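User: I should like to understand how the terms used for a structure follow from their definitions. Please take me through some of them.

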Amino acid sequence: MKPRVVITGAAGFIGSHLAEALLDRGYAVVGIDNLLTGDAGNIAHLTGRDFVFLKHDVTTYIDVDGPVDAVLHWASPASPIDYLELPIPTLKVGALGTHKALGLAKAKKARFVLASTSEVYGDPLEHPQKETYWGNVNPIGPRGVYDEAKRFAEAMTVAYHRYHGLDTKIVRIFNTYGPRMRINDGRAVPSFIGQALRGEDVTIFGDGRQTRSFCYIDDLVDGILKLMTSGVNEPVNIGNPHEMTIEAIARLITRMTGTGSRIVYRELPTDDPKVRQPDITRARQWLGWEPHVSLEEGLARTIAYFKTKLDG
């Protein structure tokens, strides 16, 4: 029988790419999503393959018939616009959803992979960020609903590993971009591309000197699958260590789109991280992973995707 994987949040940006990559590698996939921020269009092309979709809210009991070899918990609002508009669902999926997904993995004796985030480091006082860094998070700030939901999810995942002996993995995802992102989801790359392609001003929040490290989706998925099949149980950063300023990425996108958009500046949101760069020593040494897709190549593919969405 084919190995069988359950993915929560399967209709989201990363979840849909994970589902496709696992199918390509010979897995059967059960995708679960309540479509709160996911898009059924992201997985429509998987129809006819060994893929089953269940529309379900994972903060309630998850029932999957038959054997399961791995549970990948990707369900959560993930952009600032989403989790600021949906603070309680964000907290619930990080807490209750993680509990239910871990319960499924325990019942099926399956390994468990948690989608965590670089946001567990908050506005970091350590740079670049190693997995041993405990973070600098404001629990009652507007971003706290997402940051603390993921920190709690990590704590629960480790508790299941220590208490129940569950084979768990935690991937701390740094800024990722690529096709199937929502053009209006509020994150830097889709926002800049969307504004540039529409001929609008490209909006930078703050002075643009804050930094990010952008990883293309194909590289991220490769890292996640290497972690899933590894014997590693410690958290692992997966991201591209190439750091650049927000202003530099905005200028690169305006140049690549060729639309001549102006760059304008707005006030920086509360608790927005000033720097973000992964230390990927663990990924390199433990998984033999590092990113390969250059920023220009990844942006070209992403811009082409958004052009089709806007033209459509």
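**Terms and their grounds**

Analyst: Helix H6 is mostly covered, with 9 of its 12 residues buried; buried means under 20% relative accessible area, exposed over 50% and partly exposed in between, with a 1.4 Å probe and protein chains only. Helices (H or I, at least four residues) and strands (E, at least two) are DSSP runs, numbered from the N terminus. The model is predicted: local features need pLDDT of at least 70, side-chain atom pairs count only at pLDDT 80 or more, and totals for chains, interfaces and linings use all residues. Residues are numbered from 1 along each chain as its sequence is written, and side-chain values use heavy atoms, leaving out hydrogens and water.

User: Which residues of H6 are buried?

Analyst: They are Ile217, Asp219, Leu220, Val221, Gly223, Ile224, Leu225, Leu227 and Met228.

User: How do you know what H6 should span?

Analyst: The expected span is 1.5 Å times one less than the number of residues. For the 12 residues of H6 (residues 217-228) this gives 16 Å, and the end C-alpha atoms are 16 Å apart, which agrees.

User: Why is strand S2 called largely enclosed?

Analyst: In S2 (residues 28-33), 6 of the 6 residues are buried, so the strand is largely enclosed by the rest of the structure. Ala28, Val30 and Ile32 point one way, and Val29, Gly31 and Asp33 the other way.

User: What makes S1 and S2 a pair?

Analyst: Two strands pair if DSSP finds at least two bridges between them; S1 (residues 4-8) and S2 have 5 bridges, in the parallel sense. Val5 stands opposite Val29 in S2, and the bridge partner of Val29 in S3 is Phe51.
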